[in-house]
Amino acid sequence: MDFEKTIACSDLPEGGQVGVEVAGHSILLCRHQGEILAVQNKCTHAGSRLESGLMAQGSIRCPLHGVRFDLRTGQCLNERLKCAALRCFAVREVHGYIEVETSTSLA
């Protein structure tokens, strides 16, 4: 697997989120209950950026229309909307930095 270095771990506090570019893709890094999660930074319902959306109970809400997505699985949590799931990306912490997997995730 290939990983790309993004931001310092200290730049992503608990409950925080940061948008990053990895191999030409916009990815949203989130820290929930100590776990770092990475999903595409684009709502599958309206195409808007998820960055700055409200995070609660392991999900993120699109700031444009309020569609909620599970940060671990990418699944849409709105029962009335049948949005496609977000793409999720493998992450790891190495020497104080967050790395996002690029070899298969972004293909």
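Residues are numbered from 1 along each chain as its sequence is written. In this predicted model local features need pLDDT of at least 70 and side-chain atom pairs count only at pLDDT 80 or more, while totals for chains, interfaces and linings use all residues, and side-chain values use heavy atoms, with hydrogens and water left out.

With a disulfide taken as a pair of cysteine sulfur atoms within 2.5 Å, the count is zero. The sulfur of Cys76 has its closest cysteine sulfur in Cys83, and because these lie 4.0 Å apart, they are too far for a bond. Cys88 is likewise in no disulfide, the nearest cysteine sulfur being that of Cys30, 10 Å away. Cys76 is buried at a relative accessible area of 17%, whereas Cys88, at 33%, is partly exposed (buried is under 20%, exposed over 50% and partly exposed in between, with a 1.4 Å probe and protein chains only).

Strands, which are DSSP runs of E of at least two residues numbered from the N terminus, pair if DSSP finds at least two bridges between them. Three of them form an open antiparallel sheet in the order E5-E6-E7, in which E5 (55-56) and E7 (68-70) are the edge strands, each pairing on one side only. Strand E6 (residues 59-61) is joined to E5 by two bridges in the antiparallel sense, and Ala56 has Ser59 in E6 as its bridge partner.

A charge sits over a ring if NZ of Lys or CZ of Arg is within 6 Å of the ring centre and within 35 degrees of the ring normal. Lys5 lies over the face of Tyr97 at 4.0 Å from the ring centre, and Arg92 over that of Phe3 at 3.9 Å.

How values were computed
Helices (H or I, at least four residues) and strands (E, at least two) are DSSP runs, numbered from the N terminus.
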